[in-house]
Structure formats: structure tokens, C-alpha cells
Amino acid sequence: MPGCPEAEAKCGWIVIRSPPGPGGCTVRSRGTAFSVGRIDGEWPGEGRLQMNSRRQQTGVETTEMSFGQLLHLLREDRKLSLKDLAAGANVSKGYLSNLEHDIRSPSAEIAEAIDRALEAGGELSDLAVPRPRARVTRERIRPAQLPAALRSFVPRQEALAQASAALDAHEGLIAFDGPAGVGKTAFTVHWAHAIAPNFPDGVLFTDLRGFAADSPEDPAVVLGRFLRALGTSPHDIPSDLDGRVALYRTLLEATRTLVVLDNAVDADQIRPLLPSSPRSLALVTSRNRLSGAVVQDGAVRITLRPMRSDEALDLMRSVLGARVDGDLDSARVIADRAGRLPLALRIAGERANLLPTVPLRKLADELTRRQPLDVLTADETLAVRTVLSWSHDALPDPIAATFRQLGLHPGGPIRIEAAAALIGLSPLQAQGHLSALATVHLVEQTAQDKFVMHDLVQAYALEQVRELGGEEANRAALSRLVDLYLNTGAAAIRMLWPSRPRRPLDVPRADMTTLTFHQPADAVRWFEDELQLLVRLVRCGARWNVTSAAYLPVVVNEMLFHRRAWSWWVPALRDALEMARQGGHRDAEAWALETLGDAGIDELKAGSSAGLYRQAMQIRTELGDLNGLAACHVGLGRACYQLNDLDAAIAHLETARRLSTEAHDQWEYAVASAHLASVLAASGDVVGARSLLTDVQTIFDEAEDLMSSGCTSTLLAGLAESNGEYEVALRHLENALCTFSKVADVWSQAHIHRRVGDLHADRGNLHAAHRSWSAAADLLSENTEPTAAGLRKQLIESLKEDV
């Protein structure tokens with residue numbers, strides 16, 4: 001080059017050396033010339049390279065450097081790695097790399113920090129000032145199509161962090177999905193406003209109407225609007241989709257443009273609208289999970305969930321102001337009944353604003369008493385029900401039918417087998433339908449391969465199945481679900497109480513796939529998982545007149561007696577009793593009476609329990625059921641014992657032993673003997689009581705009946721404790737703890753730990769007592785059933801009192 005004696009290639013750049021003097025030189029890189037100022041000292045010695053921000057008068061046509069190009073040149077000159085520069089400027093290595101490749105534009109503060117670290121004398125800082133970019137197309141107005149952001153927007157911190165991380169990594173496509181009303185559009189528009197300054201070539205926005213009442217937008221029509229916004233004359237816009245896509249991507253080539261595609265129906269709808277420029281970014285919202293975009297287009301998927309409780313309250317404060325903190329309890333009820341969905345929360349807030357003098361508790365009561373879908377309505381188009389209808393109406397007919405039938409489910413997590421029973425398909429087919437519904441967020445899949453349906457969504461599904469399903473078809477679906485749980489419950493009890501003879505139920509049994517249990521621990525976990533669902537299913541059967549649900553307490557009766565979750569079960573047992581009478585299920589009627597009697601004994605209502613046992617005994621006599629009669633006498637023996645009529649108690653329990661022997665029912669014989677031992681001990685015959693319990697434990701051990709054996713060990717411990725034999729009592733409790741651990745019976749383990757703690761406390765060993773009480777409380781930490789929660793509260797109080 002004239003005037004430049006030598007050139008040296010450095011890292012892909014051609015550096016032109018110039019002799020000392022007042023003149024400058026030119027640097028060329030990949031065929032583009034850039035002006036370089038005078039070099040103080042010799043290159044690349046200790047002198048400082050001075051870069052002019054304006055063109056030098058060298059006689060050679062030049063173009064100004066970008067910030068990234070100059071940053072790269074200076075860093076190479078200082079022989080600094082990205083890691084070294086990141087440490088010196090306190091900027092991440094990845095961010096510096098994006099700056100060097102002109103993927104990101106620095107803020108003034110960051111540019112100054114990098115300038116200082118490189119000793120650039122302000123040249124880098126000057127280049128950080130935004131300036132118009134050279135365009136390869138005709139000049140046009142910068143599109144700025146974002147709708148206004150919500151003024152009362154409440155940030156979703158977790159989602160914002162995920163979105164910012166995706167932006168920092170410069171992922172070209174970010175898809176926000178989630179259920180109807182969760183605030184996808186509001187969140188995305190708010191965030192798009194925040195990042196729009198990073199996209200100097202403009203922002204394009206469209207509502208693709210993927211789940212609106214009318215048809216989704218045609219990508220070709222959307223492209224026509226985008227092309228006009230980019231400065232294309234209408235007569236220059238191609239008529240075909242491929243031609244429009246080609247022109248659209250040509251116009252966006254090498255630009256930094258933000259494209260926001262709201263409410264997409266699927267990946268095929270958005271694919272023609274995605275910019276091809278690596279500097280551009282597309283944001284998409286959809287109720288669909290857009291798996292195709294993730295797999296084929298490399299989209300980053302961010303799922304928006306219902307708000308956290310604190311976020312929901314913040315949103316309500318933005319609408320209602322100080323009224324929220326004036327009645328925080330009512331505000332929490334409103335938020336929960338609205339599902340913590342932003343749309344429903346805003347509608348609830350608007351409803352409360354219409355009546356500013358009415359306390360919030362009135363709205364909370366209304367949402368609790370009435371169907372929330374009826375309350376959460378601002379107008380015909382702005383209502384939770386309307387928004388959900390758009391999702392439902394867009395489903396294929398078989399999937400829509402499945403969605404409606406899931407509305408019949410009693411609530412809580414939905415097993416695949418339960419869904420299969422409701423819709424009358426195989427579990428494999430049901431899983432496919434559930435996955436399709438999960439794709440559009442009408443259900444959500446849990447880590448345990450179950451599916452959950454939001455309360456408001458389920459309320460809408462139930463409305464639809466009542467309207468479109470037909471009474472008989474709905475009852476048949478629920479009957480199949482009841483049959484599934486009858487079969488599964490019976491299998492669980494057989495696994496847990498193998499020595500208990502099971503009589504055939506007086507109800508048709510459906511031939512269907514059911515759960516199987518390979519070990520007792522599986523059966524215990526199933527029952528704990530499904531405890532509340534079984535209660536709901538009994539009550540649901542009563543509402544729909546599915547009288548076979550009366551047998552659900554029958555098949556799991558041993559677990560009901562063992563678990564004693566009566567606060568949940570007593571109302572369901574009353575419903576079961578009424579259904580049994582309506583359906584003429586005499587056996588189930590007797591079982592319901594006996595189980596209500598058992599609950600009464602635990603609630604210290606022995607007098608009323610004795611009456612229930614006698615009613616059951618009359619039915620058992622009519623049916624000629626010796627096993628059932630023996631069970632009734634056991635119940636009467638327990639009632640008499642509680643009423644302190646020990647002679648009557650012994651008589652009933654001896655009768656129970658005789659009847660169970662005649663019926664060849666060794667299990668009922670052992671149960672009667674165990675209760676007889678308790679009565680004998682109370683009457684002073686400790687030796688006789690211990691002998692009976694030892695025989696009982698032998699029966700259960702030989703039958704490998706772990707649950708019954710563990711219970712017998714606790715009775716032996718109680719007998720030893722009452723006789724002052726603390727070490728013997730502790731040994732029996734350790735045996736019980738070991739037995740219940742084998743079957744993963746957390747409830748019983750907690751009880752044993754509590755009793756061990758009590759024994760230690762009685763003997764003054766508070767350290768050991770605290771250790772056992774703490775272990776019991778820890779075991780119950782995640783159990784919300786009222787009896788378990790009550791026990792945990794007692795344990796915590798014991799720990800506090802003895803501190």
C-alpha cells in the first residue's frame with residue numbers, strides 16, 4: 001500500500017505499520033478499510049494506538065469501526081484473553097464475546113468500564129453512543145408495534161430470570177406457554193418493552209388468534225402486514241406465501257429486529273414469521289407447548305405458572321389498593337378461588353371495585369359459595385369461562401370429549417388408569433389424550449406421571465360434560481372409575497392384610513386394567529396418596545347416584561380402622577350408608593354402620609357406637625354372615641370396655657372368638673383375642689393378657705401379616721408399660737417400629753416414635769425423648785390430613801414445653 005512500508009497479519013486482521021510522524025495509516029479487515037490514527041512509539045511496542053472516531057484525511061476511502069471491531073483489535077493488541085478482560089472490566093466473558101461479534105450493544109456504563117480496562121482513552125466509550133446503522137434496503141420508518149404494557153403489571157421474578165438468561169445467551173426464539181388466563185401476553189409485552197432498545201431496527205407485533213373464537217390468523221396475511229410495516233409498497237408484495245417469506249427475510253437480513261407473535265396455535269403457524277437474521281429475536285406466546293418449535297427451530301420454552309401467593313396479592317393491591325391489606329385473609333381466599341390466575345384476579349378486583357363500600361369478605365364468601373366461573377365475569381368477552389371455551393373449542397373431537405369427562409373426576413391428581421376408566425379407553429390411549437391436553441395446558445403433568453387440572457378448568461369441564469355428555473353416559477363413566485378403585489383398593493388390602501379373608505362383594509366387577517402392588521410398601525403409599533380422593537369419590541358417587549361407591553369403604557375397611565382419618569371419612573361414610581340403602585346393598589350397609597361405630601369409639605362416643613353395631617348385627621343375622629356377626633361382637637366388646645362394663649365386654653369378645661372359629665376366620669379370631677387381652681389387663685389379669693397377645697402375634701407372624709403384627713407389638717408394649725416394665729416396653733416398640741418401617745407406614749412409625757419419646761420423658765431422659773418426638777414430627781411434616789396434622793402439632797408443643 002502506498003506510504004505504508006510493511007504489513008503484518010494478526011488474528012485475521014491486516015495491520016498496516018506506519019513510520020513515526022504526524023500522519024496516520026489505514027487498517028483493512030476482510031476488505032473493509034478503517035481509519036487508524038497516529039502510532040505513538042513503535043508498533044507493537046510500548047506506545048498507545050490512537051483510534052480516531054472520525055475519518056482521517058489519508059487519501060484512502062475508509063469506514064468507521066464498530067464497537068465490537070475496535071474492542072477486538074484493542075484486546076488483541078494488549079494480548080488479553082476474554083477471561084482476562086472480563087476480570088478487569090467486571091463484565092461476563094459471554095457478554096464480552098457478544099459485544100465483540102456485535103450481537104449486543106453495550107450501555108454507556110459498561111463501555112466506560114471496558115474502555116478503562118483497555119486504556120482506550122475514551123475511544124470505546126464514544127463508539128457506544130447509538131448511531132443509525134447503514135441499511136442495505138431503502139430507508140423506512142422504524143416499526144414500533146407493541147401494544148401498551150399493563151400499568152399495574154406485577155413482575156414474575158422466576159420467569160423474568162429465565163427470559164433474561166435466554167436473552168443473554170442470545171437464543172433466537174423464546175416461546176412462552178401456559179394455561180389460559182395465566183398472563184402470557186401481559187408478561188411478554190411487558191418484557192418486550194423492556195428489551196426493545198436492544199433492537200434498533202424495530203419491533204413487529206401480531207396477535208395470531210390461535211385460540212380465539214374465530215379462525216387463527218393465516219401467516220401469509222400476517223406477512224403482508226409486516227412487509228408493509230417494513231416499507232414495502234403493496235404492489236411489490238408477492239401474492240404467494242413462499243414469496244412473502246423470502247422478501248420478509250431479505251428485508252430483515254443483518255438487522256436487529258424484535259418480532260412478537262402472540263397467541264400462536266402451533267409451530268407451523270409461526271415458522272414463516274421467524275426472522276432469519278442471527279441478531280434478531282422472536283418471542284412467541286401460546287397455550288400450546290410448541291414442541292415442534294423447540295425440536296425443529298431451537299426455541300427456548302418458558303412455561304408460565306399461576307402466580308405465587310405473594311405475587312397474586314401484589315396484583316390485587318395494584319387493583320384494589322389498601323383494601324387488600326385491610327382484610328388480608330379474605331384477599332387470600334379470593335386469590336386462591338381465582339386460581340392465582342392474573343385474568344381471574346383482575347376480574348375479581350374489578351368486581352370488588354364496583355362496590356367500594358362492600359367488604360372484601362363478601363366477595364370471598366361469594367366465590368366460596370357460588371361457582372367461581374359465574375362470579376369471575378366482567379362482560380361476555382372478558383370472562384374466565386369465555387377464555388376457556390376458546391381452548392376447548394379448538395380441540396379435536398376425541399380430545400375434547402376426554403377433556404369434558406375429566407370434569408367428572410373427584411379432584412386432585414389424575415392417574416392415567418383413572419383417566420382410562422373415565423373415558424373407556426386403554427391406559428396407553430388415555431395417556432395419549434392426556435398428553436395432548438397437557439400440550440395446550442388444560443392439564444399439567446406431575447413428576448409422578450399423574451396429571452392435575454386447575455380448579456377453574458375442571459369447573460368448566462364439568463359444566464361442559466353436564467351439558468353435552470348426557471346423564472346416563474356420565475353415570476356410566478363414574479361407575480367405571482368406582483370399579484377401578486374397588487379393584488385397586490381390594491388388591492391393596494390383600495397385600496397389607498394377607499390373613500384377612502375377603503368375601504366377594506355384592507356388586508358387579510368390571511374387567512379393566514388396575515394397579516398392581518409388588519410389596520406392602522407400595523400398597524401403603526397408594527392408600528396415603530389416594531386417601532382424600534377415595535373420600536371425594538364416595539361423595540361424588542352419592543351426588544351422581546352411583547350406589548356402587550358405597551362399597552369403597554368396605555374394600556379399604558382395614559386401612560380405615562388402622563389409619564383413623566375420621567375427620568375426612570365420617571361424612572363420606574354417612575353418604576355411603578345412604579347409597580347402600582338406596583341401592584339395596586345390605587352387606588355394604590352393615591359395613592358402613594360398623595365403620596361409623598368404629599369412628600364413634602375413637603371419638604369416645606361408645607353409647608352411640610353400640611347402637612350402630614346392633615343395627616349392623618341385625619343385618620348380619622338376616623344374611624347369615626358369621627364373620628360379620630363376629631365383627632359386630634368385637635365392636636360391642638370395645639364399646640362396653642370404653643363404658644367400663646368389663647364383664648359385658650368379655651362376653652361379647654368371647655362370642656366373637658367362638659363365631660370366628662365356626663367361620664374358620666383366624667384373622668377375626670386373633671383380632672377378638674387382642675381386644676380381649678386389653679379387657680383382661682384392665683381387670684387385673686396381666687398374665688392372661690400377655691398369653692393371649694403372644695398367641696395373637698404368633699398367628700400374624702406365621703401369616704406374614706406385617707400390619708397386624710406391628711399393631712400387636714404396640715399392644716404388648718402398652719401391657720409392659722402398665723406393668724412398669726419399661727425396657728420390655730421399649731423392646732416391643734422397637735419391634736413395631738421395625739415392622740412398620742418394612743411396609744413404609746409413616747403414620748404408624750410416627751406414633752411409635754411418639755410413644756418411645758413419652759416413655760423416655762416419663763423416666764426423665766429428655767434428650768432421648770426430644771430425639772424421638774422430633775423424628776415423629778419430621779415423618780408427619782408433609783401430611784396434611786387433619787389427624788396427622790393434629791398429632792404433629794402435639795409433638796411440636798411437647799418439644800416446646802420441655803425446652
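1. R539 has 35% relative accessibility and therefore counts as partly exposed (buried means under 20% relative accessible area, exposed over 50%, partly exposed in between, with a 1.4 Å probe and protein chains only). The model is predicted: local features need pLDDT of at least 70, side-chain atom pairs count only at pLDDT 80 or more, and totals for chains, interfaces and linings use all residues. Residues are numbered from 1 along each chain as its sequence is written, and side-chain values use heavy atoms, with hydrogens and water left out.

2. D575 forms a salt bridge with R539, the closest N and O atoms being 2.7 Å apart (a side-chain nitrogen of Lys or Arg within 4 Å of a carboxyl oxygen of Asp or Glu). This pair links distant parts of the chain, D575 in helix α27 and R539 in helix α24, 36 residues apart (helices are DSSP runs of H or I, at least four residues, numbered from the N terminus).

3. A salt bridge also joins R564 to D602, with the closest N and O atoms 2.8 Å apart. R564 lies in the loop between α26 and α27 and D602 in helix α28, so the pair ties together parts 38 residues apart in sequence. R564 is partly exposed, at a relative accessible area of 28%; for D602, also partly exposed, the value is 29%.

4. Between R500 and E558, a further salt bridge has its closest N and O atoms 2.8 Å apart. Both residues, R500 and E558, are buried.

5. The structure holds 39 salt bridges.

Notes:
Helices (H or I, at least four residues) and strands (E, at least two) are DSSP runs, numbered from the N terminus.
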